[in-house]
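Hi,

Here is the structure for you to look at. Please open it next to this email, and my notes follow below.

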Amino acid sequence: MDDFGRLPPDDYQLAGQVHHRLRRAHQRASAIFIDLIGDQLLTPTQWGALATLHAEGPLSQNQLGRLTYMDPATTQGVILRLVERTLVERQPDPQDRRRTSVRLTRIGQALVIDLMANAAAAHEQTLAPLSEEERVQFMTLLARLM
């Protein structure tokens with residue numbers, strides 16, 4: 001019985017559920033990314049922060065979290081790990097001292113530029129089982145689910 005006192009359908013199969021399939025696809029995509037990115041310490045989430053800072057320039061910690069769809073605790077943890085590696089630096093926002101501004105260091109900027117092709121290769125390998133038409137359709141459908 002579920003929380004509402006209903007019995008699950010007799011034909012319920014986990015393998016056919018969207019959340020299960022998305023989780024499995026995410027596991028596969030993450031494994032491919034980690035294998036191809038060329039930096040074993042860099043997670044897909046950390047890459048998202050670095051790539052966003054590269055594209056947008058300095059951001060408040062809050063803005064970075066919103067643009068990368070990370071909750072505040074995750075954003076803070078990612079930033080701390082990137083600071084430890086001297087890939088980003090934090091400083092008080094010059095316009096609002098209550099906010100923290102995050103920006104790529106020169107080392108971080110160079111790393112992003114060096115790894116862009118690897119990230120693109122991970123994208124391509126993740127989508128490799130699909131035809132070009134299926135890739136476009138898949139990416140369009142994913143965007144609709146987001």
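Which residue in E3 stands opposite Arg-90? Val-102 does.

First, some ground rules. This is a predicted model, in which local features need pLDDT of at least 70, side-chain atom pairs count only at pLDDT 80 or more, and totals for chains, interfaces and linings use all residues. Residues are numbered from 1 along each chain as its sequence is written, and side-chain values use heavy atoms, with hydrogens and water left out.

Now the strands. Helices (H or I, at least four residues) and strands (E, at least two) are DSSP runs, numbered from the N terminus. Two strands pair if DSSP finds at least two bridges between them. E2 (residues 88-93) runs antiparallel to E3, with 6 bridges joining them. They form a hairpin, with 2 residues between them. E3 (residues 96-104) is also joined to E1 (residues 59-60), by 2 bridges, and this pair is antiparallel. There, Ser-60 has Ser-101 as its bridge partner.

Next, look at Thr-45. It sits in helix H2 (residues 44-56). Thr-45 counts as partly exposed because its relative accessibility is 36% (buried is under 20%, exposed over 50%, partly exposed in between, with a 1.4 Å probe and protein chains only). Leaving out residues up to four places away in sequence, Thr-45 touches Met-70, Thr-74 and Val-78 (contact means heavy atoms within 4.5 Å). Thr-75 is 30 residues from Thr-45 in sequence, yet their C-alpha atoms are 9.1 Å apart.

Last, the overall make-up. Residues 15-146 are 67% helix and 13% strand. The end C-alpha atoms of that stretch are 21 Å apart.

Best wishes
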